[in-house]
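Student: May we go through this structure by question and answer, with the cut-offs stated as we proceed?

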Amino acid sequence: MKIAFFSDIHGVPETLQKFFDHSDALGAELLVLLGDALYHGPRNGVPVEYDPKKVAEMLNSRGDRILAVRGNCDCDVDQMVLQFPIMAEYAALWLDERMVWATHGHVFNMDNHPPLKTGDILLHGHTHIPAAQPFGEGFYYINPGSVSIPKNGSKNSYLILQDSTFTLKSVEDGSTISSYTVE
C-alpha cells in the first residue's frame, strides 16, 4: 500500500491541488494529513493564494481517503466544514512490526515524544521543514515539510511511503528530493 503524508496546507488550494495530482498519479491509497489544513496561523503571513473555503471543498472531495490529525491552527470551527475527523492529536499506523506515530508536532515531537519502542517512527509536520533521521534510543523522526509554506530554504513537499521507504517529493513537479529507508 502506498501512503502519502502531507502537512501544513494553511488554506492554499493551488499547492494542495498539485499534491493531489501527484499523489493520485503515484497511486496513493491513503492520504494522511498531519494538521494545519485551513487557517494560516498568526505566525505566518496570509498566503497569496489563501482560500480556506476552497481547500475545505477539495479535502472533502477526498475525505474517504484521508486520515487526519489536529494541528495547532486547526479548531472546532474547521471541523464544522470538513466532512472527516480532524481533531485527534495523533494516529497510530503499523509498518510491519513498527508503529508510525503520526501527529502534528506541536504537542508530541522529539523533545516530548510519545511512548515509543525501538524502531518506532515519530512522524509529524508543524516545523515546515522536511527531516528524516534516527533519534533517541533507536527511534526515527520523519517530517514531510509543508505543502504550502516551506521554511528554512526547503521546498514545498510531501512524503510517499511504500514498503519501508519514505520518499520526499516536490509539490511543484513531483520529483524526488530524497528518500529514507527505515531498517
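Predicted model: local features only at pLDDT ≥ 70, side-chain atom pairs only at ≥ 80, totals over all residues.

Tutor: Residues are numbered from 1 along each chain as its sequence is written, and side-chain values use heavy atoms, with hydrogens and water left out.

Student: How many salt bridges does the rule count?

Tutor: A salt bridge is a side-chain nitrogen of Lys or Arg within 4 Å of a carboxyl oxygen of Asp or Glu. Side chains of opposite charge can pair when their charged atoms come close. By the distance rule, the count is six.

Student: How far apart in sequence are the parts that E172 and K18 tie together?

Tutor: E172 and K18 form a salt bridge whose closest N and O atoms are 2.8 Å apart. Because E172 lies in the loop between strand 10 and strand 11 (176-181) and K18 in helix 1, the pair ties together parts separated in sequence by 154 residues. Helices (H or I, at least four residues) and strands (E, at least two) are DSSP runs, numbered from the N terminus.

Student: Which residues are linked with E172 in a network of salt bridges?

Tutor: E172 counts as partly exposed at 44% relative accessibility, and K18 counts as partly exposed at 24%. Here buried means under 20% relative accessible area, exposed over 50%, and partly exposed in between (1.4 Å probe, protein chains only). The network joins E172 to K18 and E14.

Student: What is the N to O distance in the salt bridge of D24 and R65?

Tutor: D24 is partly exposed, with a relative accessible area of 34%, and R65 is partly exposed, with 22%. The side chains of D24 and R65 meet in a salt bridge with an N to O distance of 3.3 Å.

Student: Which side chain of opposite charge is nearest to R98?

Tutor: R98 is found in strand 5 (residues 98-103) and is buried yet has no salt bridge. Lys and Arg count as positive and Asp and Glu as negative, while His and the chain ends are not counted. At 6.4 Å, the nearest side chain of opposite charge is that of D96.

Student: Which residue has its backbone oxygen 2.6 Å from a polar atom of the R98 side chain?

Tutor: Not counting residues up to four places away in sequence, R98 touches L93, K117, G119, D120, I121, Y140, V182 and E183, where contact means heavy atoms within 4.5 Å. The backbone oxygen 2.6 Å from a polar atom of the R98 side chain belongs to E183.

Student: What is the relative accessible area of L59?

Tutor: Helix 2 (residues 52-61) has the buried residues V55, A56, M58, L59 and N60, and their cover includes strand 1 (3-6), helix 1 (13-25), strand 2 (30-33), strand 3 (66-68) and helix 3. L59 touches F6, I9, L16, F20, L33, A37, I66, L82 and F84, not counting residues up to four places away in sequence. The C-alpha atoms of L59 and L16, 43 residues apart along the chain, are separated by 8.8 Å. L59 is buried, with a relative accessible area of 0%.

Student: What is the phi of D163?

Tutor: D163 is found in the loop between strand 9 (157-162) and strand 10 (165-170), and counts as exposed at 62% relative accessibility. Its phi is positive in a residue other than glycine, near 60°.

Student: What is the phi of H126?

Tutor: H126 is found in the loop between strand 6 (121-124) and strand 7 (131-135). H126 counts as partly exposed at 21% relative accessibility. Its phi is also a positive value in a residue other than glycine, near 75°.

Student: Where is V81 placed?

Tutor: V81 is partly exposed, with a relative accessible area of 44%. The place of V81 is in helix 3 (residues 76-81).

Conventions:
Polar contact = N/O pair within 3.5 Å; in protein donor to acceptor, adjacent residues only side chain to side chain.
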